[in-house]
Amino acid sequence: MIRFENVTKQYDLNSIAVDNLNLHIRKGEILILIGPSGCGKTTTMKMINRLIEPTSGKIYIQGEDAGKLDPVELRRNIGYVIQQIGLFPQMTIGENIALVPKLKKWPEQKRRERVEELLHLVGLPPEKFRDKYPFELSGGQQQRVGVARALAADPPIILMDEPFGALDPITREQLQDELLQLQLELQKTIVFVTHDIDEALKLGTRIALMREGKIVQLDTPDRLLRTPENDFVRDFIGRDRLIRQPETLKVEDIMNPNPVTMLPTHGLAEGLDLMRKRRVDSLLIIDRFKKLIGIVTIKDMQQNLNQACQLAEIMTSEIITVVEGTGVREALDIMAGKRVGYLPVVDRQGRLKGLITRTSLVNVLAETLWKATS
Ligand SMILES: Nc1ncnc2c1ncn2[C@@H]1O[C@H](COP(=O)(O)OP(=O)(O)OP(=O)(O)O)[C@@H](O)[C@H]1O
Ligand SMILES: [Mg+2]
């Protein structure tokens, strides 16, 4: 539907706004452009309707080289919604919506019917809103008019640049729902710019995550959540949103990185005191290089309570551990096979990195199952 081929936009010599972009936007999809401020989203979008001309490369719209189309005609055939709404203050709502149909010289009757139809479509009763002026409407209502106006001449392509950015969260969610509903009925090709990852995940058929004029990852929301390509993507999505799969999870992803530890030279009373304070039933014993050398459980303590001795004397030094990088599945098998309730995680030098407990495992598995079924 819309194809970018090696498209570059350079506003000035020392910075490239869009850097050799290749992108195919498919018919009927909502393609989200998202990324940090200044990464080139608006520039990319405005090159589609030629509000901005590429420095090099080509954009094809329905197979036609956009550079060869008449820009005015092109813009009339592409709906455009922006954040600052851009309604004309001196025109009524009806006149605003009928703008492009009028430019296209639709007869008056047809324009009137279209305005009525569209106001219904975006949930604004025509008899109440048609003759009002933009300033008499709330932000959300104005934004609905903006959407209606973009749809007016029934263009196959709609560009939306942070259309809901200025709205309060509730109105915003409402408009997102309405857009999805509209899209079910109308099947437009929509290019949608947003800053908001939740909005992107909710609305996007596919999401293009941009950075410094390039696409870092282009994928469906599901694939983005399951298989982020690098740390930039992970950070942008937010690690708590990522779908954690047991198959790909490593022990360090789910371990407690700050287990309760003590040096072997400490006494039993100190050990007991720390256990009580931290509400744990075992202590990991490490040397001064953080190397794991043993474990003392509450049971060991009880059996030796009457002796004044050091933790070193009562600790168990045969401990089952896993090395960083081990898969969670494997860890689960080890815990089940060896019948242990905890599993220290160490690095290749045997230094303690964290602790896996049965509870932490169960929590993660439950969470993944829950995400997979919801
Ligand atoms: N008219 C212009 N002249 C010079 N540089 C520009 C112009 N418009 C944009 N830029 C620069 O091009 C880069 C991309 O800008 P663009 O507006 O496309 O970013 P964006 O991703 O839409 O950012 P935002 O999220 O803040 O809207 C930025 O570095 C910006 O400063
Ligand atoms: Mg922008």
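1. Of the 374 residues of the chain, 31% count as buried; a residue is buried if 20 or more other C-beta atoms lie within 10 Å of its own, exposed if 12 or fewer, and partly exposed in between, with C-beta atoms placed from the backbone. This is a predicted model, in which local features need pLDDT of at least 70 and side-chain atom pairs count only at pLDDT 80 or more, while totals for chains, interfaces and linings use all residues. Residues are numbered from 1 along each chain as its sequence is written, and chains are lettered from A and ligands numbered from 1 in the order in which they are written.

2. The chain comprises 17 helices and 16 strands, taken as DSSP runs numbered from the N terminus (helices: H or I, at least four residues; strands: E, at least two). Its radius of gyration is 30 Å, well over the 21 Å that the globule rule gives for 374 residues, so the chain is more spread out than a compact globule. The radius is taken over C-alpha atoms, and the rule is 2.2 Å times the number of residues to the power 0.38. The C-alpha trace spans about 100 × 45 × 35 Å along its principal axes.

3. Among contacts in the chain with a separation of 6 or more, 62% are between residues 24 or more positions apart; two residues are in contact if their C-beta atoms, placed from the backbone, lie within 7 Å.

4. Three strands form an open sheet with mixed pairing, in the order 11-12-13; strands pair if DSSP finds at least two bridges between them. Strand 11 (261–262) and strand 13 (292–297) are at the edges with a single partner strand each, so one side of each has no neighbour in the sheet. Helix 13 (residues 268–278) packs on this sheet and touches strand 11, strand 12 and strand 13. The direction of helix 13 makes about 125 degrees with that of strand 12 (axes are lines fitted to C-alpha atoms, for helices over the stretch in contact, and angles run from 0 to 180 degrees between N-to-C directions). Strand 12 (residues 282–286) runs antiparallel to strand 13, joined by five bridges, and Leu-283 stands opposite Val-296.

5. Met-301 lies in helix 14 (residues 298–303). Met-301 counts as partly exposed because it has 19 C-beta neighbours inside 10 Å. Beyond four places in sequence, Met-301 contacts Leu-268, Gly-271, Leu-272 and Val-296.

6. Strand 6 (residues 78–82) has four of its five residues buried. Strand 6 runs parallel to strand 7 (residues 157–161), with five bridges between them; Ile-78 is placed opposite Ile-157.

7. Helix 1 (residues 41–48) is largely enclosed by the rest of the structure, because six of its eight residues are buried. Those residues are Lys-41, Thr-43, Thr-44, Met-45, Met-47 and Ile-48. Just after helix 1, Arg-50 adopts a positive phi of about 65 degrees.

8. The shell around ligand 1 includes Lys-41, Thr-42, Thr-43 and His-195; a residue belongs to it if its C-beta atom, placed from the backbone, lies within 6 Å of the ligand. By class, this shell has three nonpolar, seven polar and two charged residues (Ala, Val, Leu, Ile, Met, Phe, Trp, Tyr, Cys and Pro count as nonpolar, Asp, Glu, Lys and Arg as charged, and the others, Gly among them, as polar).

9. Ala-200, in helix 9 (residues 197–203), is buried because 24 other C-beta atoms lie within 10 Å. Apart from residues up to four places away in sequence, Ala-200 touches Ile-32, Ile-34, Thr-194 and Ile-207.
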